[in-house]
Amino acid sequence: MRLPDPIMLGDTPLGPPVFLAPMAGITDVPCRRAVARFGAGLMVSEMVASTEMVTPRPSTRAAVRAKALTEGALPVSVQIAGREAAPMAETARIVAGMGARVIDINMGCPAKKVTGGLSGAALMRDLDHAMTLVDAVVGAVDVPVTLKMRLGWDDDCLNAADLAARARDAGVAMLTVHGRTRAQFYKGQADWSAIRAVADLPARPPLVANGDVVDAASARAALAASGADAVMVGRGAQGRPWILAQIAHDLWGTPAPDVPQGAALADLVAEHYEDILDFYGTDLGLRVARKHLGWYADANGAPLRDQMMRADTPRATLDLIARAFGDAAGVAA
């Protein structure tokens, strides 16, 4: 396959069309730095709730989530979520001021605590209201605004193409569609072919297919079935921050990532671990890091997983990382 011309979001050219999905509590600054070591066409932050940002004293967690990774050349998008136009517009202005080069609107999160507040995928049940948020955010910032959605709320409400058409007309610069309904959560298989209804819209903005893209084979299949211009990788990157670069290499011949094994893998995991502690502080960092250590162990065949998850000091954890990943086979390249 020939590498397509870069997708342009405003004056920002994106890299190879393999993007990092926003994942709440996961795609924070340390995670994005780990992915950036290998490369990605675009990285999207974890979701920022507008209700947490637009207060006299924004919560520490909201501010941490909104912090954009500005070092290096890779573009970063900050995803925002909410249910009312004015707070969403103000949140967009805040995160743009923090360095975000792209603002993404969340209309795809299926979590009950999000949809119960009429945010995320719940907005697909009322497109008139959903568009008040889109119009407000697009009008609030000078950076490009993108939109992430699902196929619809359930099988009786498959309206992604309708929402996409209205978002196109409102000036949204790129669309991402997860090939499941909200009712499916993450069960079953993503239906990439159902995304084609959005791909077939006239004069549409660039389209990204999301859901179950974990390697080059699934990325190739998703692109073919959906008619999309790019793919977005979420859970497939857990424990494998190089997989986006690997997919781009396998599909388009971009430079191959140096997939770490043995001592190099141990060094990578240790660097990510220490970055988490530096970013969050030791007490919170120890807890945040455990899920990442578990994913690295699962994805790379490393032993001592349970011991790493229980370790309660940085020194003990780093010793276990050196032992576990120094001997890992790097099976998930």
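This is a predicted model: local features need pLDDT of at least 70, side-chain atom pairs count only at pLDDT 80 or more; totals for chains, interfaces and linings use all residues.
**Entry: Thr 27**

I started with Thr 27, which I found in the loop between strand 3 (18–20) and helix 1 (29–36). Is Thr 27 buried or exposed? Its relative accessible area comes out at 0%, and buried means under 20%, so I logged Thr 27 as buried.

Next I checked what the side chain of Thr 27 reaches. The backbone nitrogen of Met 23 is at 3.1 Å from the side chain. A polar atom of the Thr 27 side chain also lies 3.3 Å from the backbone oxygen of Val 44.

Which residues is Thr 27 in contact with, leaving aside neighbours within four places in sequence? I wrote down Leu 20, Ala 21 and Pro 22, then Arg 32, and then Val 44, Ser 45 and Glu 46.

**Entry: Phe 185**

On to backbone angles. For Phe 185 I noted a phi near 50°, a positive value in a residue other than glycine. Where does Phe 185 lie? I placed Phe 185 in the loop between strand 9 (174–178) and helix 8 (196–199).

**Entry: Leu 304**

My last stop was Leu 304, where phi is near 65°. This is again a positive value in a residue other than glycine. I found Leu 304 in the loop between helix 12 (282–300) and helix 13 (305–310).

Definitions and conventions
Residues are numbered from 1 along each chain as its sequence is written. Side-chain values use heavy atoms; hydrogens and water are left out. Helices (H or I, at least four residues) and strands (E, at least two) are DSSP runs, numbered from the N terminus. Buried means under 20% relative accessible area, exposed over 50%, partly exposed in between (1.4 Å probe, protein chains only). A polar contact is a pair of N or O atoms within 3.5 Å; within protein, one must be able to donate a hydrogen and the other to accept it, and residues adjacent in sequence count only if both atoms are side-chain atoms. Contact means heavy atoms within 4.5 Å.
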